Structures are given as C-alpha cells and as structure tokens.
Amino acid sequence: MTVDTNSYFRAAQDADTLAERAVDAVLSMKTVAMVIDDIHFLAGSKSNSVRMANQLKYLSNVFPLTLIYVGVGVQERGILHEGFEPGNSPLAQFGRRTTALTLAPFQVADEEGRRQWRLLLKTIEHKLVLADTYPGMLAEDLSDYLFARSTGHFASLMALINRGCLRAIRTGAERLDEELMNTVKNDAAAEQARQELSAAIAAGLLTTRPARRRRSA
C-alpha cells in the first residue's frame, strides 16, 4: 500500500491554516462567545467520542472566548465522559472542562410557570412581522392552543410559529389563529403529546392563563 505523504502534509497544513485564520477572525471581531449547536450528533463510539473530545479541547485551548455547546440529552449520550464506562468517567477531560446547564420545558402547573409562559408569548408576539397582527394574538387568543401544540418545548413552539407565519404570509391572512394553525404540522414528538394536553385544557383541568388574567376575562 502506497501512502501519499505529500497529500497528508498538505491536508495538515491546510487545517492549521484554517485554524489560524479562524483565530485571527475571532480576535479582529472581538468575539466573546462561540455557540456550537446540535452537539448531540457527535455522540458515537468510544473512538469517535475521544476524537470529538480532543477537537473540542483544541478549540478551548486555541480560541480566547467562551464556548457554548447546545444539544439534547448530552449527558445521557455519554458526550461529557467521552465514551468511557461510568466507572471510568473521571478519566474524561471534556467533562472536567465543561459546566452542564439544563433547560427544562415550560410548564403551567403553577402561577409562576403560567406567568413565564405568558411573558414568552408576549415577547415573541412583539417580534412577529405580520400585517394584521395585534396585541394578545399569541399571549391571549392562542396561549392554551400553542402550549398544547408545543408541549411547552421552546424548539417545538418556535418551529410551529415560524411555519404558521410562513403560511399566513403565503395565504394573505397576515395573522395567526387556530384555523390557520391547524393547517400547520409540527414535529412528531409534539404532535404525539398534543391530544392529551388538548383534552386536559378543554376539560378545564389545565390552563396557561395566570389567575389575574382569568379573573379579568
């Protein structure tokens, strides 16, 4: 078997050159944080996990900024302990260099949760660019509906609203309501849990409206 050593060294030099240019760009733009999304796709065999950890360690050593990794089930997939068995996880360096933070789904079982959900919808509402939008379109008229369709998960909520806005623009409706949103599909996980939440809301067993809003309605 013949190995083209010249090609190997050219590839290595190209990688080093790209890394140097990336560092120069970070410094010139005074970047303070880098976000790497969907890190859960890096989970795999032990050998892949080790290579992944080495690459991420390289980034943390070379780039003078804060690295933020975003993923689903990162700890459960073994990314933080680089594919080692639980008993050997202390040997993993990536877990020692990383602080794990969690983002739980929004919940409406108590007043604080309902207030947070309402605040989220109001914030999104202010960002929408539709010709016929109005105050309360999401936070009032679609609050329960959007919670049932998204199960309180931010990614599912934003996917649903983005698709709804696209449909509203294409149809000329220029606003979001239940009739239009019912023509929009959401992710599979959210759709599977939708019926149970919708039934609980319809039966009066669950609401997203804070007590003050219910009294004034």
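**View 1. Arg 149 and Glu 191 meet in a salt bridge, with N and O 2.8 Å apart.** A salt bridge here is a side-chain nitrogen of Lys or Arg within 4 Å of a carboxyl oxygen of Asp or Glu. Arg 149 sits in helix 4 and Glu 191 in helix 7 (residues 188-202), so their pairing ties together parts that are 42 residues apart in sequence. Helices are DSSP runs of H or I with at least four residues, numbered from the N terminus. This is a predicted model, in which local features need pLDDT of at least 70 and side-chain atom pairs count only at pLDDT 80 or more, while totals for chains, interfaces and linings use all residues. Residues are numbered from 1 along each chain as its sequence is written, and side-chain values use heavy atoms, leaving out hydrogens and water.

**View 2. How accessible are Arg 149 and Glu 191?** Arg 149 is buried, at 1% relative accessible area, whereas Glu 191 is partly exposed at 25%. Buried means under 20% relative accessible area, exposed over 50%, and partly exposed in between (1.4 Å probe, protein chains only).

**View 3. Glu 191 also forms a salt bridge with Arg 194.** Their closest N and O atoms are 3.5 Å apart. Both residues belong to helix 7, 3 residues apart, about one turn of the helix. Arg 194 is partly exposed, with 22% relative accessibility.

**View 4. Asp 132 and Arg 175 form a salt bridge at 2.9 Å between the closest N and O atoms.** Asp 132 lies in the loop between helix 3 (111-127) and helix 4 (143-150), and Arg 175 in the loop between helix 5 (154-171) and helix 6 (178-181), so the pair ties together parts that are 43 residues apart in sequence.

Terms used. Helix = DSSP H or I, 4+ residues; strand = E, 2+ residues; numbered from the N terminus.
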